Amino acid sequence: MGGSAELYESFNTKYGDLSAILIENLPFWVELTTVPSKKVSLMSEWESKLKAIVSEVKKRRCGAASRGVPSWMMVLLQRVLQETGKGSIAELWPNLEVLLPRGHQFQAVSGTVPPAHW
C-alpha cells in the first residue's frame with residue numbers, strides 16, 4: 001500500500017512518499033499480478049483507499065501479502081475478514097504462504113494478527 005502520489009517541491013528538489021514514488025515507477029507488468037491496483041494504491045484518502053483495497057483483495061486468490069506496515073496490514077486483514085465473513089486468514093486465502101510486512105518489527109503488532117490456523 002503506497003502513500004499519496006503527490007509530489008512536493010522545495011529549493012528545486014522534488015520529494016514525496018517513497019512507496020508511492022516506487023509504485024508510480026514500477027514496470028507495467030507488475031500490475032498484472034499485484035493487488036491493489038496502482039490507481040487504488042496511490043489514493044490519498046485513507047478510508048476510501050481501505051474500502052477500495054478490501055473490494056479488490058477479497059475477490060482474489062492470494063499466495064503472498066507484502067508491501068505494508070504491520071499495523072496497516074492488520075487493519076486491512078481484519079477489515080477483509082469482516083467484509084467476507086471468514087473466520088480466519090487461512091479460510092479467506094488457503095494458498096497464502098508468505099506474510100511479509102515492512103516498516104517496523106512485526107512483534108509490535110503480533111498480538112493483533114487475525115487467526116491464521118496454519
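This is a predicted model: local features need pLDDT of at least 70, side-chain atom pairs count only at pLDDT 80 or more; totals for chains, interfaces and linings use all residues.

Student: Fine. How many helices and strands does the protein have, and in which order do the elements run?

Tutor: The secondary structure comes to five helices and four strands, and from the N terminus on the elements run β-β-α-α-α-β-α-α-β.

Student: What share of the residues is buried?

Tutor: Of the 118 residues in the protein, 33% are buried. Taking the contacts with a separation of 6 or more, 60% are made by residues 24 or more positions apart.

Student: Let's look at H4. What is its reach from the first C-alpha to the last?

Tutor: Helix H4 covers residues 70-84, which is 15 residues, and it reaches 21 Å from its first C-alpha to its last, close to the 21 Å expected at 1.5 Å a residue.

Student: And which residues of H4 are buried?

Tutor: The buried residues in H4 are Pro70, Met73, Met74, Leu76, Leu77, Val80 and Leu81. They cover an arc of only 165 degrees around the axis, which puts them on the same side of H4.

Student: Why do residues three or four places apart point the same way in an α-helix?

Tutor: An α-helix has 3.6 residues a turn, so residues with a spacing of three or four places point the same way.

Student: What follows H4?

Tutor: Gly85 follows H4, and the phi of Gly85 is positive, near 75 degrees.

Student: How about H3, what do its buried residues pack against?

Tutor: The buried residues of H3 pack against H2 and H4; the residues of H3 that are buried are Lys49, Leu50, Ala52, Ile53, Val54 and Val57. As for its length, helix H3 runs over residues 46-57, and the 16 Å between its end C-alpha atoms agrees with the 16 Å that its 12 residues should span at 1.5 Å a residue.

Student: Changing topic, how many salt bridges are there?

Tutor: The count comes to two salt bridges. In one of them, Glu47 is paired with Arg79, and the closest N and O atoms are 3.0 Å apart. That pair links distant parts of the chain, with Glu47 in helix H3 and Arg79 in helix H4, 32 residues apart.

Student: How exposed are Glu47 and Arg79?

Tutor: Glu47 is partly exposed, with a relative accessible area of 31%, and Arg79 also counts as partly exposed, at 22% relative accessibility.

Student: Which residue forms a salt bridge with Glu83?

Tutor: Lys58 forms that salt bridge, the closest N and O atoms being 3.4 Å apart. Lys58 lies in the loop between H3 and strand S3 (64-68), whereas Glu83 is in helix H4, so the pair ties together parts that are 25 residues apart in sequence. Both are partly exposed, Lys58 with a relative accessible area of 31% and Glu83 with one of 48%.

Student: Now the loops. Where is Phe11, and what is its phi?

Tutor: Phe11 sits in the loop between strand S1 (8-10) and strand S2 (13-15), and its phi is positive, about 55 degrees, although Phe11 is not a glycine. Asn12 lies in the loop between S1 and S2 as well, and it has a positive phi of about 60 degrees although it is not a glycine.

Student: Are Phe11 and Asn12 buried or exposed?

Tutor: Phe11 is exposed, with a relative accessible area of 80%, and Asn12 counts as exposed at 74% relative accessibility.

Student: What about Ser37, buried or exposed?

Tutor: Ser37, which is in the loop between H1 and H2, counts as buried, at 15% relative accessibility. Leaving aside its neighbours within four places in sequence, Ser37 is in contact with Glu31 and Glu56.

Student: Last topic, the surface. Which residues form a nonpolar patch there?

Tutor: Phe28, Trp29 and Leu32 form that patch, with about 440 Å² of accessible area together. Phe28 is found in the loop between helix H1 (18-24) and helix H2 (38-41), and it counts as exposed, at 72% relative accessibility. For the protein as a whole, the accessible surface comes to about 7700 Å², of which 56% belongs to carbon and sulfur atoms.

Note on methods:
Residues are numbered from 1 along each chain as its sequence is written. Side-chain values use heavy atoms; hydrogens and water are left out. Helices (H or I, at least four residues) and strands (E, at least two) are DSSP runs, numbered from the N terminus. The expected span of a helix is 1.5 Å times one less than its number of residues. Buried means under 20% relative accessible area, exposed over 50%, partly exposed in between (1.4 Å probe, protein chains only). The arc is that of the directions from the helix axis to the C-beta atoms. Contact means heavy atoms within 4.5 Å. Accessible areas come from the Shrake-Rupley method with a 1.4 Å probe; for residues, only the protein chains shown count as cover. Patches are made of residues with over 30% relative accessible area and no salt bridge: like charges are joined within 9 Å, nonpolar side chains (Val, Leu, Ile, Met, Phe, Trp, Tyr) within 5 Å. A salt bridge is a side-chain nitrogen of Lys or Arg within 4 Å of a carboxyl oxygen of Asp or Glu.
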